[in-house]
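Have the picture open while you read, and we'll begin with the pocket.

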Amino acid sequence: MILNLDKNFTPYGTENNIDYSFFTFSGGEPHIKIISKLEKVAEVTITHRIQSFNDMGTLLLATNALKNMGIKKLHVVLPYFPAARQDRLMVSGEPLSVKVYADIINAQNFESVTVLDPHSEVTPALLNNCKVIDNHKFIEHITKQLSDNLLLISPDGGALKKIYKVAAYLQNYEVVECSKSRNVKTGQLTGFKVYADDLQGKDCLIVDDICDGGGTFLGLAKELKAKNAGNLYLAISHGIFSKGFDELEKHFTKIFTTDSFKTIEIDNCIQIELGKLL
């Protein structure tokens with residue numbers, strides 16, 4: 001049986017779905033009630049898209065409700081794992097946020113915790129019984145829609161290991177490495193470099209796990225064009241897009257993402273449902 005806590009996110013389809021009601025008390029506390037009868041059910045998979053700490057609370061309430069109904073085995077699918085970018089202590093006084101979330105999830109004793117394209121190796125290392133869905137099929141799905149004369153672009157050092165694994169999986173595309181500089185205290189981006197002299201008009205697909213405000217990709221797009229890039233495309237596993245698409249659309253012919261974080265309805269953004277990648 002499947003419990004989809006975000007009813008707009010059904011990666012395993014709608015068969016065998018568990019019905020429930022959800023509301024918020026006047027004091028602000030979320031509440032869930034499982035409506036389906038589960039007397040003969042031994043195993044349930046919960047899916048959810050975490051966009052806030054309140055979403056995490058909903059997951060915990062649902063987990064407790066299912067356990068109270070006698071469900072022995074619980075799996076959870078959290079394609080976008082929250083705070084995965086806060087995976088190291090850079091400045092005194094800050095939390096190691098990804099560990100806070102991981103500890104909460106581990107305390108539920110799930111049979112498995114499935115995440116999509118985690119930001120770094122820290123997330124699966126912290127999670128018990130973690131199953132990782134890599135981005136290989138996602139990128140393969142995209143490249144089939146683009147020109148064969150395509151370069152894969154690594155936006156920074158953190159993306160290098162993953163993009164070379166993608167390139168090895170696809171076996172058709174050259175990788176161009178790039179880098180960026182950032183002020184650790186302010187988070188401000190201070191410069192970009194493309195480690196190629198001339199891109200010879202080839203189309204470029206930037207591959208990364210998260211797009212939040214998009215500053216990295218806007219800065220990199222200018223440098224790629226300065227190196228004679230052709231059409232620019234952006235492939236993002238987790239599309240937050242907190243500043244919208246107006247600026248991104250000025251630089252990128254198409255933007256590709258999954259529905260791991262939210263549902264997007266923008267003409268220039270092609271969203272690939274996670275269910276097609278499982």
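Six elements each give at least two residues to the lining of the largest pocket: strand S7 (130-133), helix H5 (160-170), strand S9 (174-182), strand S11 (203-211), helix H6 (215-226) and helix H7 (246-249). Those labels are DSSP runs numbered from the N terminus, with helices being H or I of at least four residues and strands being E of at least two. Bear in mind that this is a predicted model, where local features need pLDDT of at least 70 and side-chain atom pairs count only at pLDDT 80 or more, while totals for chains, interfaces and linings use all residues. Residues are numbered from 1 along each chain as its sequence is written, and side-chain values use heavy atoms, with hydrogens and water left out.

**The largest pocket**

- Rolling a probe the size of a water molecule over the atoms shows where empty space is left.
- Here, the largest pocket holds about 1,800 Å³ of space.
- Its lining has 50 residues, and the closest to the pocket's centre are Arg 85, His 119, Asp 156, Lys 180 and Arg 182.
- A pocket is an open set of points on a 1 Å grid over the protein atoms alone, where a 1.4 Å probe fits, with protein on both sides within 12 Å along at least five of seven lines; lining residues have an atom within 4 Å of a point.
- Grid points are joined across faces, edges and corners, and the volume is the space filled by probe spheres set on the points.
- What is the lining made of? It divides into 17 nonpolar, 14 polar and 19 charged residues.

**The annotated domain**

- An unreviewed UniProt entry carries the annotation "domain: Ribose-phosphate pyrophosphokinase N-terminal" for residues 22-107.
- UniProt positions follow the numbering used here, feature names are shortened, and annotations may be inferred rather than shown by experiment.
- Over residues 22-107, the chain is 30% helix and 21% strand, with its end C-alpha atoms 23 Å apart.

- Helix H1 (residues 53-68) has 16 residues and reaches 23 Å from first C-alpha to last, close to the 22 Å expected at 1.5 Å a residue.
- The expected span is 1.5 Å times one less than the number of residues in the helix.
- Among the buried residues of H1 are Met 56, Leu 59, Ala 62 and Leu 66; buried means under 20% relative accessible area, exposed over 50%, and partly exposed in between (1.4 Å probe, protein chains only).
- The buried residues of H1 pack against partners including strand S2 (20-24), strand S3 (30-34) and strand S5 (73-77).
- Just after H1 comes Gly 70, with a positive phi of about 95°.
- H6 has twelve residues that should span 16 Å, and its end C-alpha atoms are 17 Å apart, which agrees.
- Buried residues in H6 include Phe 217, Leu 218 and Leu 224.
- Those buried H6 residues pack against S9, S11 and H7, among others.
- Asn 228 follows H6 and has a positive phi near 70°.

- Leu 116 sits in strand S6 and counts as buried at 3% relative accessibility.
- Along the chain, Leu 116 and Ser 260 are 144 residues apart, yet their C-alpha atoms are separated by 7.8 Å.
- Leaving out residues up to four places away in sequence, Leu 116 touches Ile 133, Ser 260 and Leu 274, among others; contact means heavy atoms within 4.5 Å.
- Asp 117 and His 238 are 121 residues apart in sequence and 8.5 Å apart in space, C-alpha to C-alpha.

- Is Asn 109 buried or exposed? Asn 109 is exposed, with a relative accessible area of 62%.
- Asn 109 belongs to the loop between helix H2 (97-106) and strand S6 (112-116), and its phi is near 55°, a positive value in a residue other than glycine.
- Gln 200 isn't a glycine either, but has a positive phi of about 55°.
- You'll find Gln 200 in the loop between strand S10 (189-194) and S11, exposed at 58% relative accessibility.

Definitions and conventions
Ala, Val, Leu, Ile, Met, Phe, Trp, Tyr, Cys and Pro count as nonpolar, Asp, Glu, Lys and Arg as charged, and the others, Gly among them, as polar.
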